[in-house]
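Hi everyone, thanks for making time this morning. I'd like to walk you through one chain, starting with the overall picture and ending at a single residue. Let me put it up on the screen.

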Amino acid sequence: MSDHSTHFEASGGGLVLTNAILLYTNQAPRHLKPYGASPVDAAAFASIHAVELGGDGQPTIAAGSPLTRAYLRRWSEALDRTVVPELLPANVLVAHPDMLAWWVPAQVRPAHFALSDPPADLHALAARTTVPVPYPAHLLIATPTGLGVYALPVNERPVAETPVLHSPILNVFVDGMLCWGNILKPKALGIACIAAYESAVFASWSTHPNPGQDQTVRGKGGLVRLWDDLAARRATRFPVSRLKPFGTVRRGQGLRTAGGPAVGTMTLARLIADLRV
């Protein structure tokens, strides 16, 4: 039971309790988490009911009817009117209640390395250090389930057809999702949280490549030696040509082979569509 309540004023221009929506599934209520949803493959039914006020002012749920898409559209439009309009900065690509996507221009910025098992031949990253390194342009996509981190092939605002690359940032899984570890997660997907998401990506300590990450770059040495080289020579531009297209490597399965399924080029539009599923 929730420890808070909502009071509806029936007069004076306040909100009036008029309808109730009841959700039915084939699972017992004890299996449902507060404010949670049942599995997508579970049978479900919803009905909408008028709420009638008795002589004592207490609300009663009256008989209902099946909840239709027309009802949903009407109530969604009504709820949208309560949303405060928000000005979108130029770097935002998608602003949706369930998704926030934006791009970050290429730049040199301080990076924090504390490698848990550094190779013996490192130069700049052999010990815990903070050093300026060049980052390629990035695409960040926040959803209720996590934060996707991807690189972009050119340093400009992406469009729907822009190809997406694997990010070279350590602590990112090959499926693009950030490994949060002990990083504090933002609690919302609003514009105000962009700085917190970027801090989680660019201002946290890099300790190791995640499984399969070394296969997301071309050339010898893997990601750690690539970052070590960039740091040691104070590079100002990231070699984007060394990054493989996103989707080249699967989480836990290594490289896609020539005999594997053909997935085509992963574009910004396709990635957003996939993440919405």
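Let's begin with contacts, and please keep in mind that this is a predicted model. If we take the contacts with a separation of 6 or more, 63% of them are between residues 24 or more positions apart. The chain has 277 residues, and 35% of them are buried. As for secondary structure, we have four helices and 13 strands. The accessible surface is about 17,100 Å², with 57% of that belonging to carbon and sulfur atoms.

Now to the inside. In soluble globular proteins, nonpolar side chains tend to be buried together. Here, the largest nonpolar core has 41 residues, and the members touching the most others are Trp-102, Leu-147 and Trp-227. Elements giving two or more residues to this core include strands E5 (99–104) and E6 (107–113), along with helices H2 (194–202) and H3 (222–232). H3 supplies the largest share, six residues. A separate core of 17 residues includes Trp-103, Leu-139, Ile-141 and Phe-246.

What does Trp-227 touch, beyond residues up to four places away in sequence? Its partners include Phe-113, Leu-125, Val-133, Ile-169 and Phe-238.

Last stop: Ala-114, in the loop between E6 and E7. Is Ala-114 buried or exposed? It counts as buried, because its relative accessibility is 19% and the cut-off is under 20%. Beyond its neighbours within four places in sequence, Ala-114 contacts Arg-128, Trp-205, Ser-206 and Thr-207. Ala-127 sits 13 residues from Ala-114 in sequence, with 6.7 Å between their C-alpha atoms.

Thanks, and I'm happy to take questions!

Conventions: Residues are numbered from 1 along each chain as its sequence is written. This is a predicted model: local features need pLDDT of at least 70, side-chain atom pairs count only at pLDDT 80 or more; totals for chains, interfaces and linings use all residues. Side-chain values use heavy atoms; hydrogens and water are left out. A nonpolar core is a set of buried Ala, Val, Leu, Ile, Met, Phe, Trp, Tyr and Cys residues joined through side-chain atoms within 4.5 Å. Buried means under 20% relative accessible area, exposed over 50%, partly exposed in between (1.4 Å probe, protein chains only). Contact means heavy atoms within 4.5 Å. Accessible areas come from the Shrake-Rupley method with a 1.4 Å probe; for residues, only the protein chains shown count as cover.
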